[in-house]
Amino acid sequence: MALQEQLNRFKKQQEKCQSTLSSIASSRAGSVRTPVKPMPAAPARAPLPAVKFSDDTERLKYINGIRKAPVGAQMKRVIDILFETRMGLTPEQINEACYVDMLSNKAVFDSLANNPKVHYDGQRFSYKSKHDVKDKNQLLKLIRSYTEGIAVIDLKDAYPTVMDDLLALKAAGQVWLLSNFDSQEDIAYPNDPKVPIKVDDDLKQLFRSIELPRDMIDIEKDLQKNGMKPSTNTTQRRLAAQIHGISQKPKVKKKKHEISKRTKLTNSHLPELFKDVRDS
């Protein structure tokens with residue numbers, strides 16, 4: 001009996017294991033697995049050029065030379081960058097652009113903040129021109145406000161294309177560009193289109209027919225009679241010349257001696273020099 005019970009127990013265990021295996025097989029068959037696609041290989045990147053130690057050393061030497069330069073030299077580098085870009089730049093951006101470390105150099109920082117060519121708003125530095133004009137219309141308005149003329153040198157740094165606009169205004173007859181005899185600088189004068197003047201030919205001929213005094217002293221006297229101040233003082237100039245022994249008489253040009261056959265020639269071995277010898 002005991003043996004029979006053991007056999008029955010073994011059969012039950014076998015049946016249980018068989019049912020378990022059948023359920024596992026059916027569950028695997030019902031589930032569909034999605035095939036996993038392999039990830040594409042990353043494109044090969046070109047290797048970065050190796051930085052040579054010698055190149056980096058030269059760059060660091062260059063930067064160190066700039067930062068140890070005098071304050072004036074560092075200021076010029078910054079002002080040149082501000083002039084070229086015409087943008088407001090922070091100290092960090094200035095350092096990246098021209099290697100001037102303003103945050104570590106208080107003298108450069110303070111000098112630029114107080115420079116008349118630089119505007120500092122508390123955060124950014126920008127170039128400050130003498131006249132705040134941005135285009136041709138503003139330029140023309142500025143020149144018209146200077147009825148006695150404005151120096152062109154004071155306009156050159158207003159904005160990058162200011163000289164092109166100034167020449168365009170001159171070509172259009174809206175301004176005049178005249179030279180100053182004292183400083184040889186060009187002066188821009190407004191040409192007001194509201195007062196066009198047309199001069200008759202008879203008046204032009206009358207003006208040209210007026211004969212001026214030949215002596216400069218007489219011209220200066222006539223100017224003074226009409227309430228005008230002469231720009232010269234011929235009397236004083238002539239008096240000073242007499243005191244210093246300078247003659248006011250024009251130099252007489254000596255007559256050039258001509259070569260004749262009677263002239264003693266010392267370079268007779270060069271006959272081509274004396275082809276024009278005339279008979280005396």
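This is a predicted model: local features need pLDDT of at least 70, side-chain atom pairs count only at pLDDT 80 or more; totals for chains, interfaces and linings use all residues.

Reader: What makes F109 and Y120 an edge-to-face pair?

Author: Their centres are 5.5 Å apart, with 80° between the planes. F109 sits in helix α5 and Y120 in strand β1, so the pair ties together parts that are 11 residues apart in sequence.

Reader: Why is F109 called buried?

Author: Its relative accessible area is 19%, and buried means under 20%, so F109 qualifies.

Reader: And why is Y120 called partly exposed?

Author: Y120 has 27%, which falls between the 20% and 50% cut-offs, so it is partly exposed.

Reader: Which angle makes the pair of F83 and Y127 edge-to-face?

Author: The planes of F83 and Y127 are at 75°, over the 60 degrees needed, and the centres are 5.1 Å apart, so this pair is edge-to-face. F83 is in helix α3 and Y127 in strand β2, 44 residues apart.

Reader: Now helix α7. How do you know that its buried residues are on the same side?

Author: The buried residues of α7 are V162, D165, L166 and L169. They cover an arc of only 100° around the axis, which puts them on the same side of α7. On the other side, D164 and A171 are exposed.

Reader: What covers those buried residues of α7?

Author: The cover includes α6, β4 and β5.

Terms used: Residues are numbered from 1 along each chain as its sequence is written. Side-chain values use heavy atoms; hydrogens and water are left out. Buried means under 20% relative accessible area, exposed over 50%, partly exposed in between (1.4 Å probe, protein chains only). Helices (H or I, at least four residues) and strands (E, at least two) are DSSP runs, numbered from the N terminus. The arc is that of the directions from the helix axis to the C-beta atoms. Contact means heavy atoms within 4.5 Å. Rings of Phe, Tyr and Trp (its six-membered ring) pair if their centres lie within 6.5 Å; planes under 30 degrees apart count as stacked, over 60 as edge-to-face and the rest as tilted.
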